[in-house]
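Biologist: Before we discuss the aromatic residues, could you put the sequence and the structure up for both of us?

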Amino acid sequence: MAQASSCGSSDCVGLPCRMALPRILCYGDSNTAGFFHGGQEFHPYSKYLKQYLANSGLDAEVQHDGHSGLTAQELLQKVASGAIRDVCGKIGKGLQLHLEEQRWDLVIINLGTNDVGKGTAPRQALHYVKELHGVCHDRNVPTFAIGPPTIPSGPARTARDQLARMIQQYAGATKDVMAYEDLEKFVPRVPGNWDTDQLHMSPQGAHLFANGLCPTLLKFLSGGPSSKMAFKQGQAVHFFDGSRWILTQVAQVKNGGGITVVADPQTTITASELASKIRVHDALTVGEEVEYFSESKQEWMQCKVVEVKPDGAAKLDIKSDWFSLDAQESKIRHKAAQSTDDCGISITVPPLLAQAISQAVSAEFVVGQPVEYFSPTLGKWIPCKVLDVSSNGDVQTDVKPGGKWVTKSEHFTKLRAVKLNSKSGPYGVGDHVEYYSITQKQWYACTVLSVDAAGTVQVDAKPNCFVPPGEVADKIRPHQPEPPRTFILGDEVEYYSARLTKWMKCNVVQVNAHGEIRINLRPTYWIGIEEQHEKIRSPGKDEVGFLVGQAVEYYSVSLSKWLPAHITQVRPNGDLSVDVKPDAVLPKATLEGKIRLPKDSRIDVERDSWVVGDEVDFYVEDKLEWQKTKVIEVDEKGLVRLEINSYEQLSLAEQDKNMRLAREDFLWHN
């Protein structure tokens with residue numbers, strides 16, 4: 001169910017409401033609680049964050065719920081609990097309950113410190129952290145991901161650094177994670193910033209973290225509903241990397257109006273940064289003379305561009321409306337150029353021809369731009385990318401890195417730009433199509449990455465997959481949606497959970513006249529026909545089996561060896577992307593022989609309940625202390641008995657409140 005704002009406006013769903021103060025929840029462990037001096041003092045960074053926001057001119061409600069000593073695993077198991085006792089005896093709530101009881105515009109999650117301290121593998125700790133972010137995303141609440149701290153050295157330090165990198169990769173690949181920040185980046189290891197245990201921030205350290213987090217938070221909160229831009233995945237844009245403009249593509253459109261780009265996929269460009277860091281490829285410019293087609297007069301009228309948004313939408317001096325890129329295709333054109341022939345007779349040059357001539361004469365190439373290089377040896381054009389551009393315009397491509405430069409005088413004969421933002425033939429950039437694999441003898445769903453002037457099409461079915469014009473008709477076709485299925489009450493199916501990134505068995509509990517269905521996993525939500533193709537399937541098929549952030553090994557054909565890698569994307573159909581091949585999508589049918597688990601790893605399945613023999617800590621309320629014991633009985637409902645009080649059966653709520661993982665197994669504990 002969508003998270004509604006306090007003002008009741010549907011326009012504010014999932015976004016900061018302009019009629020109410022933004023509400024921010026800081027959720028985590030002891031460093032969120034502000035644990036200091038052995039738990040004798042508490043200085044949560046949330047109170048300093050509220051002060052810094054106010055000093056910057058933004059009033060916000062900032063609250064925290066820090067569970068000292070608890071792991072992300074435990075907080076996931078107790079996500080719906082109304083009472084969770086931490087190692088200090090303080091009572092907090094499960095994240096799901098926070099989200100259901102009050103409106104939140106953002107949740108900042110800082111967890112993982114205690115998981116690596118317990119010895120949990122980083123990839124498994126990521127799974128728990130990712131699940132908690134998903135609890136927020138399922139309720140349309142965006143999140144910030146924090147790289148958690150740990151002690152300066154030892155096994156926990158190595159595991160923490162790996163976990164932080166994986167959380168950053170997960171944040172970059174997930175549209176509802178608005179930003180990633182590493183806590184240790186803002187709190188250096190110098191005297192005064194950390195408690196004597198070197199694990200917890202001092203009050204000064206909490207100040208530094210809040211101050212460092214504030215600018216990113218302001219960028220997000222200032223980009224309200226009106227800042228959302230109409231960017232599309234795969235759209236060609238120019239990205240300013242701090243020193244130069246780079247032609248690249250939109251990798252992902254985030255909630256709140258921010259985007260990521262292929263040139264820097266790990267960094268989110270917030271809505272407030274779009275104007276300074278993003279320019280739409282071939283967009284109109286302020287002051288440019290154009291022509292507008294008037295429906296009422298049925299003629300083209302001369303006018304000027306008076307305003308342009310970062311996503312390319314433009315406003316004219318004769319119309320108050322904004323024209324999106326799609327609307328510009330039919331309503332706005334470049335002004336026809338005037339020229340003269342040898343006899344001095346004025347000639348009107350068609351707008352598209354004038355534009356093509358201008359681009360051919362004054363073409364400038366930028367680093368990262370897709371181009372084609374003409375090889376005299378092979379006698380054909382070769383797709384490549386620009387690696388470097390000298391001050392005099394000479395270009396070096398990845399055809400021969402470190403090799404010969406293409407001088408500016410050779411551009412006309414040896415180098416040409418790939419037309420990213422136009423169609424050549426039936427397909428254009430971003431089109432969802434299917435590619436026929438001759439070796440696998442089947443069609444695979446994929447996306448068009450580029451189309452050059454000759455009609456060569458590049459798709460993401462596999463690395464460097466370019467289909468020549470003569471083969472396009474046989475190897476590429478429009479996406480063929482599966483025929484709609486007919487469901488009846490009680491059908492056993494499987495539902496794909498984007499939050500859990502896996503298929504889950506369920507039953508159809510309701511079917512309406514339009515073919516929409518409800519399932520027992522989501523009994524109040526209607527799943528439409530189009531969504532059924534992506535999220536509903538017959539039971540018995542192989543599960544995807546991989547998680548975003550999971551450590552794997554990728555086989556490099558060029559290097560003839562297995563390389564360490566991490567999963568950066570898992571599609572519902574099982575296709576994968578990995579960090580060592582950021583621009584490639586690996587079809588599920590080709591994974592065997594390309595992707596494998598590291599030799600000494602396995603995927604741990606999240607435990608839904610305690611099992612007999614588990615060593616746990618139990619809080620004895622009359623003694624106000626935690627005591628070690630064992631689970632001696634678990635019934636079919638998950639109720640347990642402990643060795644310490646075998647006469648009493650503990651309910652799920654009592655388990656959440658007074659049971660925890662045994663702390664003696666931790667490399668350190670809070």
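The questions below concern aromatic rings and the charges over them in this predicted model.

Biologist: How many aromatic pairs are there in the model?

Modeller: Rings of Phe, Tyr and Trp pair if their centres lie within 6.5 Å. By this rule, the count of aromatic pairs comes to eight.

Biologist: What kind of aromatic pair do Y45 and F209 form, and how many residues apart in sequence are the parts that it ties together?

Modeller: The ring centres of Y45 and F209 are 4.7 Å apart with 70 degrees between the planes, and since planes over 60 degrees apart count as edge-to-face, the pair is edge-to-face. Y45 is buried, with a relative accessible area of 0%, and F209 is likewise buried, with a relative accessible area of 0%. Because Y45 belongs to helix 2 (residues 45-55) and F209 to helix 9 (residues 203-222), the parts tied together are apart in sequence by 164 residues.

Biologist: Which strand and which helix hold the residues of the pair F144 and F220?

Modeller: F144 and F220 form an edge-to-face pair, at 5.9 Å centre to centre and 65 degrees between the planes, and both residues are buried. The pair ties together parts that are 76 residues apart in sequence, because F144 lies in strand 8 (residues 143-147) and F220 in helix 9.

Biologist: Which residue has its charged end over the ring of W300?

Modeller: A charge over a ring also occurs at W104, where R23 lies over the face at 4.2 Å from the ring centre. Over the ring of W300, 4.2 Å from its centre, sits the charged end of R333.

Key. Residues numbered from 1 in each chain as written. Predicted model: local features only at pLDDT ≥ 70, side-chain atom pairs only at ≥ 80, totals over all residues. Heavy atoms only, no water. Phe/Tyr/Trp six-rings, centres within 6.5 Å; stacked < 30°, edge-to-face > 60°. Helix = DSSP H or I, 4+ residues; strand = E, 2+ residues; numbered from the N terminus. Buried < 20%, exposed > 50% of the residue type's maximum accessible area, 1.4 Å probe, protein only. Lys NZ or Arg CZ within 6 Å of the ring centre and 35° of its normal.
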